[in-house]
Amino acid sequence: MTAPMECAIPTTDLFKDAFRAHPAGIAVITAQGPAGPVGLTASSVSSVSAEPPVLAFSVSTASSSAAVLVQADTLIVHLLGADQLDIARLFATRGADRFGEATQWRALPSGEPLLTEAPWALRCRLLHRLAVGGSMILAAEVLSIEQGGNDDVAPLVYHNRSYHRLGDHSLLG
């Protein structure tokens, strides 16, 4: 018999510890702002509805890209594969030149910056914005989906402060 779970008052550190043990897929979210393209790495993207296709994610208001993303009408959510680890790190680095020469991207006719190496890119229209603590939760309707060249790429996952690749080696059942 296992010991009963102990309940503790939720502290910031305890909350972070709990979510370090909960893996999440990695995405880069981009939008066009008045001063140019912006983007950030996110581990909070989740599907909300298949009909209509809607997703949600959160953005820390401390992020340098937050104001543009929150005010954008449309944006792109790039679901990354393990081969895009460098992109995930670049867009997670404060002050980095995210749209410099090393980044493969192009502007869509509608203006949003598309990362051309991402296996999946979902162009979205923001539906709802909800301020919660130091973050904004954004819900967005998917307007179009662009599939990159390889749909069999291993997903990039974040777990316990590290990036991981999922694959057959991690299959349990």
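Tutor: Buried means under 20% relative accessible area, exposed means over 50%, and partly exposed lies in between, with a 1.4 Å probe and protein chains only. This is a predicted model, where local features need pLDDT of at least 70, side-chain atom pairs count only at pLDDT 80 or more, and totals for chains, interfaces and linings use all residues. Residues are numbered from 1 along each chain as its sequence is written, and side-chain values use heavy atoms, with hydrogens and water left out.

Student: How many helices and strands does the chain have?

Tutor: Helices (H or I, at least four residues) and strands (E, at least two) are DSSP runs, numbered from the N terminus. The chain has three helices and twelve strands.

Student: Which residues of helix 3 are buried?

Tutor: In helix 3, residues 85–92, they are Ile87, Ala88 and Phe91. Seen down the helix axis, these buried residues fall within an arc of 100 degrees, so they line one face of helix 3. The arc is that of the directions from the helix axis to the C-beta atoms.

Student: Is Val38 buried or exposed?

Tutor: Val38, found in strand 3, is buried, with a relative accessible area of 15%. Leaving out residues up to four places away in sequence, Val38 touches Ile29, Thr30, Ala31, Ser65, Val68, Leu69, Phe99 and Pro113.

Student: How many residues apart in sequence are Val38 and Asp97?

Tutor: They are 59 residues apart in sequence and 9.9 Å apart in space, C-alpha to C-alpha. For the chain, among contacts between residues at least 6 apart in sequence, 63% join residues at least 24 apart.

Student: Which residues make the nonpolar surface patch?

Tutor: Like charges are joined within 9 Å, and nonpolar side chains (Val, Leu, Ile, Met, Phe, Trp, Tyr) within 5 Å. Here Leu79, Trp120 and Ile145 make a patch of about 260 Å², with areas from the Shrake-Rupley method. Leu79 lies in strand 6 (residues 74–79) and is partly exposed, at 32% relative accessible area.

Technical notes: Patches are made of residues with over 30% relative accessible area and no salt bridge: like charges are joined within 9 Å, nonpolar side chains (Val, Leu, Ile, Met, Phe, Trp, Tyr) within 5 Å. Accessible areas come from the Shrake-Rupley method with a 1.4 Å probe; for residues, only the protein chains shown count as cover. A salt bridge is a side-chain nitrogen of Lys or Arg within 4 Å of a carboxyl oxygen of Asp or Glu. Contact means heavy atoms within 4.5 Å.
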